[in-house]
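Dear colleague,

I am handing over the structure below, together with some notes on what was found in it. Please have it open while you read on.

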Amino acid sequence: MKSHRISYGLWLLLLAAAFLLTGCGTSKPEQTVVSELELIKKLDEQTILSFVSYEDIMSSEAPSTDIGPETTEAVQLFFQNFDYRILSSRVSKNTAIVKVRLTNLDMQSLARDMCLALTARSADPRTAPEDLSMNDYFALLGEVMKSHSYKILSTDARFELTKLSDGSWSILSGDDLEDQLVGGFISYLNDPYLVTPEEILALTFDYFLEFSPEDWIAYLNMDDIFATGSTLGEELDLELASQISRYFSYQIKDSTIDGDSASVTLTVTSLNLENVLNDCREKLLDYAATTEAIRATDAELADKTAKMLLTSLKANETTLSQDIDILFTNNGSSWEMQLGENFSNALLGNAVSAISALTGET
């Protein structure tokens, strides 16, 4: 089974690094802070491109360094509601502290929606994890902001400044200040508990609802799953996968979190394989009482068994619902889902015991 691990990374540090404070040259600390904040309020495309410098890109973790219109649009959307108000300014010899109230989008909600969008993009069990370019990330951020509405909230930022030899003031930049400038967005985005185990499970299982029979064959690695040894093995696999594709559904019932471990209880509905095999068993018992069965070779018996099993599968219209627990572990980046044998068994309608009963020299 594929393990799902979402890594949000530090790529959004660029969002704050784009406004890495280097302001100096004014005679008052408050004026220095205002001049920097005005740069954010008056963003245009050229300003954004000049801030996102070659050095910034080279120091980022982004797998590709492309910057397209999606990047500049996302940054503009991110700061279109940005405003500020100076709360206080205190000078002590060669140091100063300026406190500012910043206004912008509800960054916790935005970060949560962004994490969900990243999770959804990576949750499809049919695809391998992909390395997104920086522009891809910002394009996704732009899509999230355009498809959601957010409250406008206020947060406080604390600017520390130092006085230079020429009498001007320079802002001391750092991770904390950068995060404050974006309303805590970076901290929220890197919160490993922001997206819940239930949400991760739902995003993944919704993809299962879209699976074709061929998808299920690939995902479950079916290869003569009933071990009939017959030439009908592939046809049996396809019919079984078709039944799973037709009947699979799920419903989350409950979840528990205990530190870095979690469990989600859900009901999984799939075909009723026990019903299928019981029907097949009756056919086999009737066949075993015939003289044809006594004279048949091993290969002929295998083909006959496969044909009866295929007939029973195609006639099946019953489902089976089972409650199972899916375990999660928080790896410090996000919740990692562990899809184990209990999930496979539920998909196949208690296949382990059912197939053993059929192939156990019935």
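**Salt bridges and confidence**

Arginine 101 is partly exposed, because its relative accessible area is 31%, and the model in which it sits is a predicted one. Its side chain meets that of aspartate 156 in a salt bridge, at 2.8 Å from N to O. This pair joins distant parts of the chain, since arginine 101 lies in strand β2 (residues 95–105) and aspartate 156 in strand β3 (residues 152–163), 55 residues apart. Aspartate 156 also counts as partly exposed, with 44% relative accessibility.

The count of salt bridges comes to 12, and some of them form a network that links Asp124, Arg126, Glu210 and Asp215. Within it, the side chain of arginine 126 meets aspartate 124 at 2.9 Å (N to O) and glutamate 210 at 3.5 Å (N to O). Aspartate 124 is buried, at 10% relative accessible area, whereas glutamate 210 is exposed, at 53%.

As for confidence, the mean pLDDT of the protein chain is 84, and 84% of its residues reach 70 or more. However, pLDDT stays under 50 over residues 1–14 and again over residues 53–59. Where pLDDT is low, the predicted coordinates should not be read in detail.

With regards

How values were computed. Residues are numbered from 1 along each chain as its sequence is written. This is a predicted model: local features need pLDDT of at least 70, side-chain atom pairs count only at pLDDT 80 or more; totals for chains, interfaces and linings use all residues. Side-chain values use heavy atoms; hydrogens and water are left out. pLDDT is the predictor's confidence in each residue, from 0 to 100. Contact means heavy atoms within 4.5 Å. A salt bridge is a side-chain nitrogen of Lys or Arg within 4 Å of a carboxyl oxygen of Asp or Glu. Helices (H or I, at least four residues) and strands (E, at least two) are DSSP runs, numbered from the N terminus. Buried means under 20% relative accessible area, exposed over 50%, partly exposed in between (1.4 Å probe, protein chains only).
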